[in-house]
Amino acid sequence: MTSILLNALLPIFVGLLLGYIAGRRGVMDNLNVRNLIVLVMDFAIPCAMFSTISSTSWRVLREQSESAVMIAVVFVALYAASYIWARKSLKMSISDASVLALTVGFPNSAAVALPLLTNAYGPSSRVTAALSIAVGAITISPLTVALLESDKTSDGKGVSIQAVAIKFLRAFTRPVVWAPVLALGSVYFGLHLPSYVDGSLTILGSAASGSALILTGVVVSSQTFRFDRKVAWATAAIVLIQPLFALGITELFHMSHAEVRDITLISAIPGGFFGLVFGKSFNATPETASSGLIASYCVGAFSLAGWMLVLTKYL
C-alpha cells in the first residue's frame with residue numbers, strides 16, 4: 001500500500017512543487033498563463049479523456065451507469081454546499097464562490113484516480129476512475145464556467161437562472177466539456193477510430209497530468225498561502241466530508257463492495273485544478289481555494305492511506 005500511494009501521489013507533489021517554484025522564482029510568468037491554460041484545457045486533457053473513455057466498451061460503461069450517477073450526486077452535493085457556504089458565510093462573489101466550490105467538489109481524478117485505482121484494485125476500477133473525470137467535466141465544470149461568464153457580464157447586478165442556463169449550454173463548446181460527451185457517443189454507436197488517430201490522441205493526452213500539475217503550481221504561486229479557519233473547513237470538506245458522504249450514500253443504496261470502495265476513494269482524492277484554471281481566465285482565484293488546494297495535498301497523503309485501510313478492512 002505504501003508503494004501504491006508513493007507511486008500515485010509523489011509525482012503529483014513533484015509536479016505541483018515544480019510549477020510553484022517556477023512561478024515564485026520567475027522562471028514562468030505566473031500572471032499571464034493563457035497559453036499554458038489553452039495547452040492544458042483545450043488540448044491535453046480533452047485528448048486524455050477521449051482516449052480513456054473511447055477505449056472502454058459500451059457494455060462496461062452501461063454496467064457502471066449506477067456508479068456514474070452516484071458520483072454525480074456526490075460531486076454536485078458538495079459543489080452546492082460549498083457554493084452556498086462561500087456565498088452566505090464567506091461573502092464571496094459569484095465567481096470566487098464557484099471557483100471554491102469546484103475546487104472542493106471535483107477531486108483531481110485526472111491526475112490521481114486513474115493510477116491510484118488501477119494500481120490498487122486492477123483494471124476494472126480504471127473505468128470508474130475514467131467516468132469520474134467525465135462526470136465532473138460535463139456537470140459542475142460547465143456550471144462553473146457558466147457562473148463565471150454570467151457574473152462577468154452582469155456588472156455586479158446579480159445573475160438570473162436563465163442567463164446561467166444559456167451560459168451552461170455554451171460551455172459545451174469547450175473541448176474539455178464536449179470531448180467526454182463525444183467519446184461516450186462514439187462508444188455507444190460502436191465507432192472505432194483508426195489506429196493512427198487513436199495513437200495521436202494518446203500521445204497528446206499523455207501530457208495532460210504533468211502539464212496540468214505544472215499549471216496548477218504556477219497559478220497557486222501567484223497567491224500567498226494562508227492557513228486559517230476557512231482553509232481548514234475547505235480542506236476538511238475535500239478529504240473528510242466528501243468521502244464520508246460518498247460512503248454513506250453508496251451504502252444507503254446497497255451498492256456492491258467494489259463500487260462503494262471506488263466511489264469513496266475517488267471522493268477522498270485531494271482537490272482538482274479545474275477551478276483555479278477556469279477562475280484564472282476571469283480574475284477569480286480566491287485565496288481560500290488555492291490555500292485549500294495546497295493543504296488538501298499536504299493532508300491527502302495521510303488521509304488517502306487511512307481511507308484505503310478503512311475500506312480494505314470493513315468492505
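Which residue forms a salt bridge with E149, and how far apart are the closest N and O atoms? The partner is R174, and the closest N and O atoms of this pair lie 3.5 Å apart. The model is a predicted one, and it holds four salt bridges in total. Three of them, including the E149 pair, are described below by residue, location and accessibility.

**E149 and R174**
- E149 counts as buried because its relative accessibility is 17%, below the 20% cut-off.
- R174 has a relative accessibility of 27% and therefore counts as partly exposed.

**R226 and E287**
- R226 pairs with E287 in a salt bridge whose closest N and O atoms are 3.2 Å apart.
- The two residues are 61 apart and again connect distant parts of the chain.
- R226 lies in the loop between α12 (208-221) and α13 (229-252), and E287 is in helix α16 (residues 287-314).
- R226 is partly exposed, at a relative accessible area of 46%.
- E287 is also partly exposed, at 29%.

**D262 and R261**
- D262 forms a salt bridge with R261, with 3.0 Å between the closest N and O atoms.
- D262 is buried, its relative accessible area being 4%.
- R261 counts as buried too, because its relative accessibility is 18% and the limit for buried is under 20%.

Notes
Residues numbered from 1 in each chain as written. Predicted model: local features only at pLDDT ≥ 70, side-chain atom pairs only at ≥ 80, totals over all residues. Heavy atoms only, no water. Salt bridge = Lys/Arg side-chain N within 4 Å of Asp/Glu carboxyl O. Buried < 20%, exposed > 50% of the residue type's maximum accessible area, 1.4 Å probe, protein only. Helix = DSSP H or I, 4+ residues; strand = E, 2+ residues; numbered from the N terminus.
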